[in-house]
Amino acid sequence: MPDDPPEETLEAHRPTLKRYFQRRIDAGRDAEDYVQDVYLRVLSAEQAAGQEPKKIHNLRGFLLRAASSVWIDRHRRAKTRIEQDAQTLTDDLAQTLTDPAAACPERTAIARDELRALSGAIETLPPVARAAFMLVRVEGLSHKEAARQLGIEPRQVANHVERSLARLSRSLLETSA
């Protein structure tokens, strides 16, 4: 690490890191949390290096690389959480449809409310995102097949589906709260 105290040196790059994250995350999330994760990661690496930490000649580049790792890690965790939530929702709906005990009037009314909320949330998605979501998650097409139908790249379909799942998950959590 450079000879300057780490806190002062890291603090000088805070605006750069904050802009880096603001360009990559939803407006509702706090870029400052991501910046703190970068600081924590850098300081942890410094402590792990022991008494004689390596000199970093390009601190800005090092921090941006750490920022990229933080962003990717958080993105992966969010994706995993969304997939788990979607699976839970699918399992709950499947259980509701097949479980005779779930067919009681109260449970049926709750399931209808949940289904109505989900339908309403799907209708709020942008048209292309909604189409990608419906083709992949409802009709079961692959990203390639959906991309061919929509005239976009498979990567774009994956992004639309992922963002749609995140948005639907947030929407359902807000309505259930």
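Colleague: Among contacts between residues at least 6 apart in sequence, what share joins residues at least 24 apart?

Modeller: In the protein chain, 62% of them do. Keep in mind that this is a predicted model.

Colleague: Noted. How many helices and strands are there?

Modeller: The chain has 8 helices and 0 strands. Read from the N terminus, the order of elements is α-α-α-α-α-α-α-α.

Colleague: And what percentage of the residues count as buried?

Modeller: 29% of the 177 residues count as buried.

Colleague: Pockets next. How much space lies in the largest one?

Modeller: About 730 Å³. Its lining has 26 residues, and Asp85, Ala86, Leu89, Leu118 and Leu172 are the ones nearest the centre.

Colleague: Which helices supply at least two residues of that lining?

Modeller: Four helices are listed: H4 (59–98), H5 (105–123), H6 (127–138) and H8 (154–176). H4 provides the largest share, 10 residues.

Colleague: How does the lining of the largest pocket divide by class?

Modeller: There are 14 nonpolar, 6 polar and 6 charged residues in it.

Colleague: What about the second largest pocket, how much space is in there?

Modeller: About 580 Å³. The second largest pocket has 22 lining residues, with Asp26, His75, Asn159, Glu162 and Arg163 nearest its centre. H4 and H8 are the elements that give two or more residues to that lining.

Colleague: Which element gives the most to the lining of the second largest pocket?

Modeller: H8, with 8 residues. By class, the lining of the second largest pocket has 9 nonpolar, 4 polar and 9 charged residues.

Colleague: Switching to charges. How many salt bridges does the count come to?

Modeller: The count is 6 salt bridges. One of them pairs the side chains of Glu32 and Arg14, at 1.8 Å from N to O. Glu32 sits in helix H3 (residues 31–48) and Arg14 in helix H2 (residues 14–22), so this pair ties together parts 18 residues apart in sequence.

Colleague: Are Glu32 and Arg14 buried or exposed?

Modeller: Glu32 and Arg14 are both buried.

Colleague: OK. What does Arg74 pair with in a salt bridge?

Modeller: The partner of Arg74 is Asp37, at 2.8 Å from N to O. Since Arg74 is in helix H4 and Asp37 in helix H3, the pair ties together parts that are 37 residues apart in sequence.

Colleague: Which residues do salt bridges with shared partners join into one network?

Modeller: Glu11, Arg14, Lys18 and Glu32.

Colleague: What does Ser164 touch, leaving out residues up to four places away in sequence?

Modeller: Leu125, Ala129 and Phe133.

Colleague: Last one, Ala131. Which helix is that in?

Modeller: Ala131 is placed in helix H6. At 26% relative accessibility, Ala131 counts as partly exposed.

Colleague: How far apart are the C-alpha atoms of Ala131 and Leu150?

Modeller: They are separated by 7.9 Å, and the two residues are 19 apart along the chain.

Definitions and conventions: Residues numbered from 1 in each chain as written. Predicted model: local features only at pLDDT ≥ 70, side-chain atom pairs only at ≥ 80, totals over all residues. Heavy atoms only, no water. 1 Å grid on protein atoms, 1.4 Å probe; cavity = no way out; pocket = protein on both sides within 12 Å on 5 of 7 lines; lining within 4 Å. Points joined across faces, edges and corners; volume = space filled by probe spheres on them. Nonpolar A, V, L, I, M, F, W, Y, C, P; charged D, E, K, R; others polar. Salt bridge = Lys/Arg side-chain N within 4 Å of Asp/Glu carboxyl O. Buried < 20%, exposed > 50% of the residue type's maximum accessible area, 1.4 Å probe, protein only. Contact = heavy atoms within 4.5 Å.
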